[in-house]
Amino acid sequence: MGRSVPQNRAIPSWITGLPLLLALLLPGCSESSNIMGLIAAPGVEHDAGALLSRSRIRLDAGDYEGALRDAAASLDLAPDCGACAVQVGYCHLGVAGLDMFQLARKLMEKNQEKEGEAATLASAGESNASGQLTSLASLVGLGSSDYEAITLPGNRLGELEGAPTSGPFRDLPVYLPKNSVEARDSDSSTLSHIARATLVLCPFMPASVKILGEQPDIRHGAESCQTDEEIDNPGSNALFVWAVAHLVEAIAFHQVVLYTQDGVTPNLQKRAAILESRSEIPSLTEYVKAVKDLAAVVDIILPTDVGAARASMLTAMFNDLQTVSLAFQNMAAVPEDVSQGIVDAIAELQGQKDKIGSGAGGGAEGKDQGAVAFKDQLTEGMATELRKQISSKIDSGQLSEQERTDLCSAYRQISTQAFAGCDTP
C-alpha cells in the first residue's frame with residue numbers, strides 16, 4: 001500500500017492570537033490526533049494509535065526519551081503511518097535538545113535582534129550570512145563538543161594539525177572535517193538524533209523538498225527514502241520538522257568548514273595573509289612548509305575528487321540549506337518573525353554558490369567540476385595573495401627548483417586559476 005501522509009487537525013480556539021507557527025506545531029504534539037484509517041489492520045491500528053497517543057502525552061510532559069520509544073514502536077507496527085513518522089521526528093529533535101515551541105520563540109527574538117545589525121552590514125557592503133548562521137549555532141544548543149565529534153580525531157591528519165599550538169597558524173585554528181556520512185554517525189548526540197529524524201521522515205516527503213539533482217543529498221536519493229506514490233502535501237508540521245533537522249545540520253557543518261572567530265571571514269582565508277610575516281616565518285624553508293600545510297588543509301575542507309566532493313561536509317551544508325528553503329516554500333505559511341533571518345542567510349549563501357554554475361571551473365578528469373569552481377571562488381583571495389608572494393620570491397631568485405616546484409604544486413592544490421609564475425619554467 002502507498003504511504004499515508006501526515007494529517008493535520010483543527011487548531012483549538014485557545015491558541016488564537018499565538019504565532020501561527022505554534023499553531024502549525026500543535027498537530028504533532030497533541031494526544032488527540034486521529035490516525036484511524038492510516039493503518040490497515042484494526043488490531044495493529046489500535047495498538048499503534050495507543051502508542052502514538054501515549055508518545056504525544058509524554059512529549060507534552062517533556063519525557064522525550066519515553067516519547068521516542070513509544071513513537072518508534074508505533075511506526076514499527078505501522079510503517080506506512082505518516083503521523084507516526086512525524087512524531088518520531090519531533091521526538092528525535094526533543095532528545096537532541098530542540099523544543100519546537102522554545103525554538104520558534106527564540107527564532108522570533110533572534111530575528112528581531114539581527115535586523116539592526118543586518119542593516120549595518122548591508123550598508124557597509126558586508127556579508128551577513130555567516131554571522132546569521134553562527135548566531136543560530138548557540139540558539140539551537142550546538143557547542144564545541146558537537147564540532148569536535150564531526151572533526152577528524154584530534155583535529156589532525158598524520159602530522160597535519162587543524163589547531164597547531166606553535167607556528168604561523170597557531171592563532172588561526174581551523175577544523176578538519178569528517179565527511180558528511182561519518183559526521184552523521186558521530187558521537188554528537190544532537191547531530192545523530194537530527195540525522196535519524198531526517199531518515200525517518202524522508203520516505204514521507206515529496207520530491208519537491210528533496211535534493212535529487214546534479215549534486216544530490218545522498219540520503220534523499222537512497223532506496224530507503226523512496227516513496228510508493230507521489231506525496232503532494234505532507235502537512236506544514238511535517239515540513240517544519242524536516243526543515244529544522246536540515247537547518248541544524250547545516251549550521252553545525254557551516255561552523256566547521258567555514259570556522260570563523262570574528263563571525264565574518266573564515267580563518268582558512270585569513271591564513272594566506274600571515275604567510276608573508278617575517279616575524280612568523282623567518283626562513284624560506286618554513287615558508288614552503290607553511291604553504292604546503294595550507295594546501296593540505298584546503299584539500300580536506302574543500303575536496304574536489306568526485307566521490308569526496310559528493311560526500312563532503314561543504315556539499316552537504318549547501319544541500320541542507322537548499323532543503324530548508326524548499327520546505328519553507330512548500331509550507332502553508334511561516335511567520336516572517338521566525339523565518340526571515342534564516343531565509344535571507346540561505347539566499348545569500350546560495351546566491352554565492354549559484355554564481356559559479358554547476359558546470360563552471362576547470363580541473364582534471366575525476367574531479368567534480370562544480371566543486372572545483374566553488375573551491376576557486378572560496379580561495380580566490382588566498383590564491384591572489386599566494387601568487388603575489390610566490391612571484392616575488394621567484395623574481396628575486398630566492399627559490400631553488402625544488403622549492404619552486406613544491407610551492408607551485410601547493411598553489412595548484414588551492415586554486416586552478418592561471419599563474420604564469422608556475423606555468424613558465
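A residue is buried when its relative accessible area is under 20%, exposed when over 50%, and partly exposed in between (1.4 Å probe, protein chains only). This is a predicted model, in which local features need pLDDT of at least 70 and side-chain atom pairs count only at pLDDT 80 or more, while totals for chains, interfaces and linings use all residues. Residues are numbered from 1 along each chain as its sequence is written, and side-chain values use heavy atoms, without hydrogens and water.

**Exercise 1.** State which residues of H4 and H10 meet, and classify the residues of the contact.

*Solution.* Contact means heavy atoms within 4.5 Å. Val86, Gly89, Tyr90 and Leu93 of H4 meet Asn237, Ala238, Val241, Val244 and Ala245 of H10. These residues comprise seven nonpolar, two polar and no charged; Ala, Val, Leu, Ile, Met, Phe, Trp, Tyr, Cys and Pro count as nonpolar, Asp, Glu, Lys and Arg as charged, and the others, Gly among them, as polar.

**Exercise 2.** Locate Met382 and decide whether Met382 is buried or exposed.

*Solution.* Met382 lies in helix H17 (residues 380-395). Its relative accessibility is 2%, so Met382 counts as buried. Met382 and Arg271 are 111 residues apart in sequence, with their C-alpha atoms 7.9 Å apart in space.

Methods. Helix = DSSP H or I, 4+ residues; strand = E, 2+ residues; numbered from the N terminus.
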